[in-house]
Amino acid sequence: AAEVADCAITSGAGAAAAAWPLLQDEELAEHFAVLHAAAADGARPQNVTGHRLLTARGGEMVQFVWSEAQAGWTPEWSLGRVSSFADPAGGTTSTSQQEFRGLGVAAGRLLLFRAAIAQRPAVEARDPDSMAL
(Lines give C-alpha, C1' and ligand atoms only; values in the text may rest on other atoms or scores of the structure.)
Protein backbone atom coordinates (compact mmCIF):
# COMPACT_ATOMS: atom_id res chain seq x y z
CA ALA A 1 0.00 0.00 0.00
CA ALA A 2 1.14 3.54 -0.71
CA GLU A 3 2.25 5.56 2.32
CA VAL A 4 3.17 9.14 3.11
CA ALA A 5 6.06 9.67 5.53
CA ASP A 6 6.65 12.81 7.57
CA CYS A 7 10.40 12.87 8.12
CA ALA A 8 10.07 15.60 10.77
CA ILE A 9 8.20 13.17 13.02
CA THR A 10 9.54 9.85 14.24
CA SER A 11 7.56 7.05 15.80
CA GLY A 12 10.06 6.80 18.65
CA ALA A 13 13.57 7.80 19.67
CA GLY A 14 15.90 6.84 16.84
CA ALA A 15 13.02 5.23 14.92
CA ALA A 16 12.05 5.67 11.30
CA ALA A 17 9.83 8.53 10.20
CA ALA A 18 6.12 8.27 10.93
CA ALA A 19 4.19 6.98 7.90
CA TRP A 20 0.49 6.84 7.08
CA PRO A 21 -1.28 4.94 4.28
CA LEU A 22 -3.08 6.42 1.27
CA LEU A 23 -6.35 4.55 1.75
CA GLN A 24 -8.44 3.31 -1.18
CA ASP A 25 -5.42 3.72 -3.45
CA GLU A 26 -3.58 0.51 -4.27
CA GLU A 27 -0.99 2.04 -6.60
CA LEU A 28 1.79 4.47 -5.75
CA ALA A 29 1.30 8.10 -6.65
CA GLU A 30 3.78 9.24 -9.30
CA HIS A 31 3.77 12.78 -7.88
CA PHE A 32 2.43 14.43 -4.76
CA ALA A 33 2.44 17.80 -3.05
CA VAL A 34 1.25 19.12 0.31
CA LEU A 35 -1.47 21.76 0.21
CA HIS A 36 -0.75 23.71 3.39
CA ALA A 37 -3.66 24.63 5.60
CA ALA A 38 -3.80 27.41 8.17
CA ALA A 39 -5.93 27.42 11.30
CA ALA A 40 -8.25 30.31 12.11
CA ASP A 41 -5.47 31.85 14.22
CA GLY A 42 -3.11 31.66 11.24
CA ALA A 43 -0.94 28.92 12.77
CA ARG A 44 0.08 25.96 10.64
CA PRO A 45 -0.55 22.39 11.81
CA GLN A 46 2.51 20.76 13.34
CA ASN A 47 2.64 17.76 11.00
CA VAL A 48 1.53 16.67 7.55
CA THR A 49 -1.76 15.18 8.81
CA GLY A 50 -3.10 18.70 9.38
CA HIS A 51 -2.83 19.51 5.67
CA ARG A 52 -4.24 18.07 2.45
CA LEU A 53 -2.32 16.00 -0.11
CA LEU A 54 -2.54 16.36 -3.87
CA THR A 55 -1.51 13.26 -5.81
CA ALA A 56 -1.13 12.49 -9.51
CA ARG A 57 -0.91 9.11 -11.18
CA GLY A 58 -1.58 8.18 -14.78
CA GLY A 59 -2.62 11.74 -15.55
CA GLU A 60 -5.35 11.83 -12.84
CA MET A 61 -5.13 14.17 -9.83
CA VAL A 62 -6.80 13.39 -6.50
CA GLN A 63 -6.93 15.41 -3.28
CA PHE A 64 -6.60 13.43 -0.04
CA VAL A 65 -7.65 14.47 3.45
CA TRP A 66 -6.51 12.98 6.77
CA SER A 67 -8.99 10.62 8.46
CA GLU A 68 -8.43 10.33 12.19
CA ALA A 69 -10.98 7.48 12.38
CA GLN A 70 -9.14 5.42 9.74
CA ALA A 71 -5.63 6.58 10.68
CA GLY A 72 -4.81 7.27 7.05
CA TRP A 73 -5.34 9.50 4.03
CA THR A 74 -8.71 9.14 2.27
CA PRO A 75 -9.60 10.53 -1.17
CA GLU A 76 -11.59 13.75 -0.78
CA TRP A 77 -12.28 14.38 -4.48
CA SER A 78 -10.87 14.04 -7.96
CA LEU A 79 -9.30 17.20 -9.35
CA GLY A 80 -9.41 15.84 -12.89
CA ARG A 81 -6.90 14.92 -15.55
CA VAL A 82 -3.60 16.72 -15.96
CA SER A 83 -3.21 15.52 -19.53
CA SER A 84 -4.48 18.76 -21.05
CA PHE A 85 -2.51 21.97 -21.05
CA ALA A 86 -4.04 25.43 -21.02
CA ASP A 87 -3.91 27.21 -24.35
CA PRO A 88 -3.34 30.98 -24.13
CA ALA A 89 -6.32 31.39 -26.49
CA GLY A 90 -8.58 29.98 -23.77
CA GLY A 91 -9.01 26.36 -24.86
CA THR A 92 -6.99 23.30 -24.01
CA THR A 93 -4.39 21.50 -26.03
CA SER A 94 -4.21 17.74 -25.68
CA THR A 95 -0.85 16.40 -24.51
CA SER A 96 0.39 12.97 -23.59
CA GLN A 97 0.69 12.19 -19.91
CA GLN A 98 4.43 11.58 -20.43
CA GLU A 99 4.75 15.35 -20.78
CA PHE A 100 3.50 15.85 -17.21
CA ARG A 101 6.62 16.14 -15.04
CA GLY A 102 5.39 16.99 -11.55
CA LEU A 103 3.33 19.17 -9.27
CA GLY A 104 3.90 21.52 -6.40
CA VAL A 105 2.20 24.16 -4.29
CA ALA A 106 3.55 27.66 -3.69
CA ALA A 107 1.88 30.86 -2.51
CA GLY A 108 -1.49 29.09 -2.48
CA ARG A 109 -1.26 28.09 -6.16
CA LEU A 110 -1.09 24.58 -7.59
CA LEU A 111 1.85 24.36 -9.99
CA LEU A 112 1.80 21.79 -12.81
CA PHE A 113 5.22 21.20 -14.36
CA ARG A 114 5.21 20.00 -17.95
CA ALA A 115 7.44 19.54 -20.95
CA ALA A 116 6.00 21.67 -23.74
CA ILE A 117 6.91 23.30 -27.05
CA ALA A 118 10.08 21.61 -28.28
CA GLN A 119 10.62 19.97 -24.86
CA ARG A 120 11.16 23.27 -23.03
CA PRO A 121 9.82 23.17 -19.46
CA ALA A 122 6.52 24.87 -18.75
CA VAL A 123 4.66 25.67 -15.53
CA GLU A 124 0.91 26.12 -15.27
CA ALA A 125 -0.46 27.81 -12.10
CA ARG A 126 -3.99 26.96 -10.98
CA ASP A 127 -6.24 27.60 -7.99
CA PRO A 128 -6.15 24.33 -5.99
CA ASP A 129 -9.80 24.68 -4.92
CA SER A 130 -11.40 25.37 -8.32
CA MET A 131 -8.59 24.32 -10.72
CA ALA A 132 -9.14 27.68 -12.49
CA LEU A 133 -6.13 29.29 -14.16
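Why does Glu-124 count as buried? Glu-124 counts as buried because its relative accessibility is 4%, where buried means under 20% relative accessible area, exposed over 50% and partly exposed in between, with a 1.4 Å probe and protein chains only.

The model is predicted: local features need pLDDT of at least 70, side-chain atom pairs count only at pLDDT 80 or more, and totals for chains, interfaces and linings use all residues. Residues are numbered from 1 along each chain as its sequence is written, and side-chain values use heavy atoms, with hydrogens and water left out.

**View 1. Glu-124 and its salt-bridge partners.** A salt bridge is a side-chain nitrogen of Lys or Arg within 4 Å of a carboxyl oxygen of Asp or Glu. Glu-124 and Arg-126 form such a bridge, with 2.3 Å between the closest N and O atoms. Arg-126 is buried, its relative accessible area being 14%. Through shared partners, salt bridges join Arg-114, Glu-124 and Arg-126 into one network. The side chains of Arg-114 and Glu-124 meet at 3.8 Å, N to O. Because Arg-114 lies in strand E10 and Glu-124 in strand E11 (residues 120-126), this pair ties together parts that are ten residues apart in sequence. Helices (H or I, at least four residues) and strands (E, at least two) are DSSP runs, numbered from the N terminus. Both Arg-114 and Glu-124 are buried.

**View 2. The salt bridge of Glu-60 and Arg-81.** Four salt bridges are found in a search of the whole structure. One of them pairs Glu-60 with Arg-81, the closest N and O atoms being 3.7 Å apart. This pair links distant parts of the chain, with Glu-60 in strand E5 and Arg-81 in strand E6, 21 residues apart. Glu-60 is partly exposed, at a relative accessible area of 27%. Arg-81 is also partly exposed, with a value of 46%. Side chains of opposite charge can pair when their charged atoms come close.

**View 3. The open sheet of four strands.** The strand order is E3-E4-E5-E6, with antiparallel pairing. E3 and strand E6 (72-81) stand at the edges with a single partner strand each, so one side of each has no neighbour in the sheet. From one strand to the next, the twist averages 25°; axes are lines fitted to C-alpha atoms, for helices over the stretch in contact, and angles run from 0 to 180 degrees between N-to-C directions. Two strands pair if DSSP finds at least two bridges between them. Five bridges join E3 and E4, and Val-34 stands opposite Leu-53 in E4. E4 and E5 pair over six bridges, while eight bridges join strand E5 (residues 60-67) to E6. Met-61 is the bridge partner of Ala-56 in E5, and the bridge partner of Met-61 in E6 is Gly-80. In the hairpin of E4 and E5, which has two residues between the strands, Gly-58 takes a positive phi near 60°.

**View 4. The largest nonpolar core.** A nonpolar core is a set of buried Ala, Val, Leu, Ile, Met, Phe, Trp, Tyr and Cys residues joined through side-chain atoms within 4.5 Å. The largest has twelve residues, among them Ala-33, Leu-54, Met-61, Phe-100 and Leu-112. At least two of its residues come from each of strand E3 (31-35), strand E4 (52-57), strand E9 (100-106) and strand E10 (109-116). Another core, of ten residues, lies apart from it and includes Ala-18, Leu-53, Phe-64 and Trp-73. Contact means heavy atoms within 4.5 Å. Not counting residues up to four places away in sequence, Phe-100 touches His-31, Ala-56, Val-82, Leu-112, Phe-113 and Arg-114.

View 5. Ser-67 lies in strand E5 and is buried, with a relative accessible area of 13%. Its contacts beyond four places in sequence are with Gly-72 and Thr-74. A polar atom of the Ser-67 side chain lies 3.1 Å from the backbone nitrogen of Gln-70. The C-alpha atoms of Ser-67 and Leu-23 are separated by 9.4 Å, although these residues are 44 residues apart along the chain. Thr-49 is placed in the loop between E3 and E4 and is buried, at a relative accessible area of 19%. Not counting residues up to four places away in sequence, Thr-49 touches Trp-20, Trp-66 and Trp-73.

Definitions and conventions
A polar contact is a pair of N or O atoms within 3.5 Å; within protein, one must be able to donate a hydrogen and the other to accept it, and residues adjacent in sequence count only if both atoms are side-chain atoms.
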